[in-house]
Amino acid sequence: MKTFRLRMSYLLIASLLVMLFVPQIAHAEEATEPTPIISGVSPADGAMITESFTLISFGLGIPLADTGSIIIMVDNQIIDPNQVNYMHGLMFTYRDGLQNGTHSLIIRVLDRDMNLLKEYSGNFNVRLSIWKGGNLEAANIESTSLHLSWTPADESLGYRIYGNSILLGAVNGNITSFDATDLYPKTTYNFKVEAERSDGSWTTDGPALTVTTFPQDRINPIIESVSPADGDELTTAWPKITAKAYDEDSGINLSMSMVGVDDKIVPFSYDEASKTLTAIAPRLPSGTHSLLIFVTDNDGNKTQYTSSFTVKYETGEPFLERSSKLRAALDAGDPADAEDVRRLSSEFAELDEINDQSLIDPIWNKIKLMLPESVDKAQLKRQLFHIIVTIGSLPYDQQESGLKAILSDPEFLRTLKTIASAGGETNLTMEDILSFIFGDGNNLRGIEGHVLYYVSQLSPIELFGLLGDNQKMMDVLMKAITNQLSQTTYYKISSILRNLNVTAHDIQSTLLNFQQKLNHDGPAVHAMTFAYIRLMAQESVKVSSDGYEHSYSLKVASIDIPPQALIWKKVSGSSQFSITPDGVVSIPEEAYTATAVIQAALVNPYSGVNKVIFQKEVTITADRDPTVIFQSIMKTFESKLGEVQSKLNVATTLEEQTLLFLDLVNTGKVAIEQIKPLSLSEAVITDAIETITNGLVEAVSSLLVF
């Protein structure tokens, strides 16, 4: 009964599916000719069935109410009328326990007076399956082959093996295994085995199995030369993480690889030319930190590297470190940018501590209301203004030493403590200030992190337009500050300002006061923005399969710089090295390697000078047999050596001889530069350099003799 019920559920589902179409077919036929009383009989006359159970159904072309009786007989045995069902013009029932052979099927439809309206008479054949519990298994699965085995059929003269409906081979009836070869790697195959019956016919219900072959590449990618190394102690809050990661067979899948610090993902870039992965960790607090590098190749093989390192620094050092790095990034750019920052410092120095104190009134007017009577408010305001002016007017080339002095100044510390107390906190430390600006290196983003987050939500066009628009930049900054001030549980400064009733609008008003007062505020902010981008820019490069072409792109933190915002160019280097404005560098087919310095400039969308934000020396080496490359390089030099020596013999002036020799020296220099990066033994490279050098010596010797 259990088997019967399972079959009945299948029967009902199949019947319902058929019923969905029967009325439509009947309706379509009504337009042309009367619907036959009996139609669509299943199993049809002559049909072959391979199991002992079958569904019997047919379309009834008249209303059931117009019939007196419907008789269905199989092998002249009437099926119980209680087992015959009707729905939407379809009659259906079942018959089980059928045996091999031919079976008759008779259907009679009688009217109310029990007169025969229509009779159907046909036969169907039953050939029970010779696969009873047949099972197909696969073993020794490789990239292009595997071994199949199966349980034998009850009777078989032989077996055929199919893969994705294609005949792979055949074996005798006494063999129940087969080696499938010449398969494709990393491909899904639907295998099936069919048996030959004693009458020469073949089964259609043999056992089946789905198998996916392994990828061609079964070797895990390599991770090596990781920095910082396990156990290293660092003094920087923003450690640079690098590792050589590569896979010689299928290549690295960057979308399935990652870098993590303290269980948090850190954005990374990848230089395919040098196989180097690079990431800049967020500001890390002092202590021990975990490092995870996870690399996947394009065939799904994985390698994981884990280690730990320690960060140790004095309070306030991260702020000074970031200031020093920003200044270095500023120096590496347009000298006009550094001059804009110097001019802003000079403007700050010229602010009057008496007449210009009103610039901080939007904030101060909220602070003073919360101060106790014992505080000299005029003196505290002067001290707060003095701190702001002192920081703003620090000489450009003395910022680090100046900041150290300010951070340890007793007046600065007393002023902070007084304001913190008025805001409900006992103290305000340098760590609190750093967390507010840069985040805590863990869960808190800080103003910098919030700005980066909001910028990352912009479209490429919006991001491009942000670069030269002061108002849009201010909007992003204020959005970050507003968000930050709302998080009073996490930031002590936010809690203090909330208790002092200082709002984001008050801060914005104070910033606008300084902007209106200072003529070089805008240019200096832009200069520092470009310096920040230059500091944080990381390159990614995609290398063509033959190595002749590299495509460069840049990102800042996790934000891709829009390609239309960059212009790439070659600064210096080999004449065989070329680069397009969109960052595609290449060498011609006749060259094997070339080196050049490339740079990317950020386009100024509001006219003005484009700003260089990235520069690097790049070497392109074709992905060819290094031995073939080496032989070609040496052959080119030897050809040039013979050519120059011949010309030296007939040269009539010292000037001609000198030019010839310089041409040869340049050829030798290029040859050595091309040989050094090749994957050859050190002995071969050393011998080649010595051969080239000896050739140059012989040439100059002949020049001296002449």
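Strands are taken here as DSSP runs of E of at least two residues, and helices as runs of H or I of at least four, both numbered from the N terminus. The structure is a predicted model.

With elements numbered in this way, β33 is the strand that gives the most to the lining of the second largest pocket, contributing 3 residues. This strand spans residues 611-621 and is one of three elements that each supply at least two lining residues, the others being β19 (240-246) and α15 (626-650). The volume of the second largest pocket is about 990 Å³. Its lining comprises 31 residues, of which E248, E272, A273, K275 and D623 are the closest to the pocket centre. Sorted by class, the lining of this pocket consists of 12 nonpolar, 11 polar and 8 charged residues.

A separate description applies to an open sheet of 4 strands, in which the order is β1-β3-β7-β6 and the pairing is antiparallel. The edge positions are held by β1 (38-42) and β6 (85-87); each has a single partner strand, so one side of each is left without a neighbour in the sheet. From one strand to the next, the twist averages 20°.

Notes:
Residues are numbered from 1 along each chain as its sequence is written. This is a predicted model: local features need pLDDT of at least 70, side-chain atom pairs count only at pLDDT 80 or more; totals for chains, interfaces and linings use all residues. Side-chain values use heavy atoms; hydrogens and water are left out. On a 1 Å grid over the protein atoms alone, a cavity is a set of points where a 1.4 Å probe fits but cannot get out, and a pocket is an open set with protein on both sides within 12 Å along at least five of seven lines; lining residues have an atom within 4 Å of a point. Grid points are joined across faces, edges and corners, and a volume is the space filled by probe spheres set on the points. Ala, Val, Leu, Ile, Met, Phe, Trp, Tyr, Cys and Pro count as nonpolar, Asp, Glu, Lys and Arg as charged, and the others, Gly among them, as polar. Two strands pair if DSSP finds at least two bridges between them. Axes are lines fitted to C-alpha atoms, for helices over the stretch in contact, and angles run from 0 to 180 degrees between N-to-C directions.
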